Amino acid sequence: MIAPNNGLKRLAKAGVVVIILLLLTWAVKEGWFEHLTDSNWVARFVKTNGLYGWGILLLAGGFFTAVGGPRQVIAFVFGFAIGGWQGALYSTLAALLGCAISFYVARLTFRSSLQRRFGRRLQKFENLVIRNTWLKVLMIRLLPVGSNLLTNLFAGATHVPARGFMVGSTIGYLPQMLIFSFAGAGLGLSDHIQLSISIVLFLVSSIIGAYLYRSRLQHQVDELITEDKETVK
């Protein structure tokens, strides 16, 4: 006999899956993923729909990154459409939403399946990230390697604390989002100043990433990245 609490948990998990699948189906049917890569369309949509448009774009951007869409594309498009600072902040929110979606989908629904499929690698990932979570996740996000989606799924399938993971992801996402958003804004406005800001931000981000990479955590992150590459293969 199934305990009532277990039955409710299973029902809740099933509900989460159904809602996410329905939203994804709606997004694909409406062509949102295709529209998100069109800077001119995004600019018109925001101008025409106001606050409602912002909400729709945030949701669509979140799902786009949750299924593996490159967050840099979102940052570039939003920067082109609404400006450097606004585009960076808004695309970071969208990337964080996508991160949370894939993280909690793995934790609430596919955790056991992922553990069966990637048991050894998940254990190694957890051992590396379980302590100083936000710092190690920050390093992973700053380095231009690895898979954003796999990192989210692996974290969700282990006991990695959600708060530390989200904090590290947010801080780690921001530099790249600023870089690509200002690049998009500079291209859209033919503004050399914003393009220069993008280049400076890229250099600063590279220096920070290199410093962290050469710190005492270098060996641990090397192992984590190697496991990520093997999984993608």
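The chain comprises 11 helices and 0 strands, in a model that is predicted. Read from the N terminus, its elements follow the order α-α-α-α-α-α-α-α-α-α-α. Of the 233 residues in the chain, 46% are buried.

**Contacts and surface of the chain**

- Among contacts in the chain with a separation of 6 or more, 79% involve residues 24 or more positions apart.

**Aromatic pairs**

- The whole structure contains 8 aromatic pairs.
- One of them joins Trp 41 and Phe 45, whose ring centres are 4.8 Å apart and whose planes meet at 15 degrees; the pair counts as stacked because this angle is under the 30 degrees cut-off.
- Trp 41 and Phe 45 both belong to helix α3, which covers residues 39–66; the two are 4 residues apart, about one turn of the helix.
- Trp 41 and Phe 45 are both buried.
- Phe 78 and Tyr 90 form a tilted aromatic pair, with 5.5 Å from centre to centre and 45 degrees between the planes.
- This pair links distant parts of the chain, with Phe 78 in helix α4 and Tyr 90 in helix α5 (residues 84–108), 12 residues apart.
- Phe 78 and Tyr 90 are buried as well.
- Trp 54, Phe 78 and Tyr 90 are linked by ring pairs into a cluster.

**Arg 71 in helix α4**

- Arg 71 lies in helix α4, which spans residues 71–82.
- Arg 71 counts as buried because its relative accessibility is 9%, and the cut-off for buried is under 20%.
- Leaving aside residues up to four places away in sequence, Arg 71 touches Thr 65, Ala 95, Arg 141, Asn 148, Tyr 173, Gln 176 and Met 177.

**Met 166 in helix α9**

- Met 166 is located in helix α9, formed by residues 162–189.
- With a relative accessibility of 15%, Met 166 also counts as buried.
- Residues touched by Met 166, again without those up to four places away in sequence, are Leu 96, Cys 99, Ala 100, Phe 103 and Tyr 104.
- For Met 166 and Leu 96, the C-alpha to C-alpha distance is 7.4 Å, while the two are 70 residues apart in sequence.

How values were computed: Residues numbered from 1 in each chain as written. Predicted model: local features only at pLDDT ≥ 70, side-chain atom pairs only at ≥ 80, totals over all residues. Heavy atoms only, no water. Buried < 20%, exposed > 50% of the residue type's maximum accessible area, 1.4 Å probe, protein only. Contact = heavy atoms within 4.5 Å. Phe/Tyr/Trp six-rings, centres within 6.5 Å; stacked < 30°, edge-to-face > 60°.
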